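I opened the file to look up how the parts of this chain are arranged. My notes follow in the order I made them.

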Amino acid sequence: MAKYLLLKHYRGAPAPVNDVPMDRWTPEEISAHLRYMHDFAVRLEGTGEYVDGQALAPEGTFVRYDGAGRPPVTDGPFAETKDLIAGWMAIDVDSYERALELAAELSAAPGAGGMPIHEWLEVRPFLTAPPTITE
């Protein structure tokens with residue numbers, strides 16, 4: 001099994017087919033989208049492929065260490081919009097091809113008008129430890 005992170009971005013990928021921002025959706029459209037995401041996760045729990053997932057708020061700040069005794073450095077109160085992640089789902093699947101298959105299915109979550117978004121998702125493998133050599 002290999003673990004992958006499916007990343008949903010607020011911006012930074014080609015526009016989805018149904019390109020109406022979520023802040024312009026009706027409460028019913030938002031509920032349908034969240035229900036799709038929940039049902040998808042429940043189905044993957046049943047197959048043993050779901051690890052975890054969360055939606056994230058659009059606000060965010062980049063922070064870095066600036067030396068002992070100095071306050072953290074930030075880029076301002078907000079990161080560039082294109083860099084923000086809307087949410088993520090960690091999966092544990094048999095192959096890269098299965099990760100792509102699930103990401104494609106997840107991209108069909110409904111949006112405005114109840115139509116699938118066909119949004120772009122980023123698929124990132126978890127970094128694994130190099131093989132241990134024993135003598």
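This is a predicted model: local features need pLDDT of at least 70, side-chain atom pairs count only at pLDDT 80 or more; totals for chains, interfaces and linings use all residues.

Entry 1: I found an open sheet of four strands in the order 2-5-1-6, with antiparallel pairing. Strand 2 and strand 6 stand at the edges with a single partner strand each, so one side of each has no neighbour in the sheet. From one strand to the next, the twist averages 15 degrees.

Entry 2: How many bridges join strand 1 to strand 6? I counted five, and the two strands run antiparallel. Leu5 stands opposite Arg124 in strand 6.

**Entry 3: helix 1 on the sheet.** Next I looked at what packs on the sheet. Helix 1 does, and it touches strand 1, strand 2 and strand 5. Its direction makes about 20 degrees with that of strand 5. Helix 1 covers residues 27-47, which is 21 residues. From its first C-alpha to its last it reaches 31 Å, close to the expected 30 Å.

Entry 4: Which residues of helix 1 are buried? I listed Glu29, His33, Met37, Phe40, Ala41 and Leu44. They lie on the same side of helix 1 because they cover an arc of only 115 degrees around the axis. On the other side, Pro27, Glu28 and Gly46 are exposed. I then checked what covers the buried residues, and this includes strand 1, strand 2, strand 5 and helix 2 (96-106). After helix 1 comes Gly48, with a positive phi near 80 degrees.

**Entry 5: the core.** In soluble globular proteins, nonpolar side chains tend to be buried together. I looked up the largest nonpolar core here and found 16 residues in it. Leu6, Met89 and Ile91 have the most contacts inside this core. Strand 1, helix 1, strand 5, helix 2 and strand 6 each supply at least two of its residues.

**Entry 6: a loop residue.** Last, I went to Asn18, in the loop between strand 1 and helix 1. Is Asn18 buried or exposed? Its relative accessibility is 13%, so Asn18 counts as buried, the cut-off being under 20%. Apart from neighbours within four places in sequence, Asn18 is in contact with Gly111, Ala112, Met115, Pro116 and Ile117.

Methods: Residues are numbered from 1 along each chain as its sequence is written. Side-chain values use heavy atoms; hydrogens and water are left out. The expected span of a helix is 1.5 Å times one less than its number of residues. Buried means under 20% relative accessible area, exposed over 50%, partly exposed in between (1.4 Å probe, protein chains only). The arc is that of the directions from the helix axis to the C-beta atoms. Contact means heavy atoms within 4.5 Å. A nonpolar core is a set of buried Ala, Val, Leu, Ile, Met, Phe, Trp, Tyr and Cys residues joined through side-chain atoms within 4.5 Å. Two strands pair if DSSP finds at least two bridges between them. Axes are lines fitted to C-alpha atoms, for helices over the stretch in contact, and angles run from 0 to 180 degrees between N-to-C directions.
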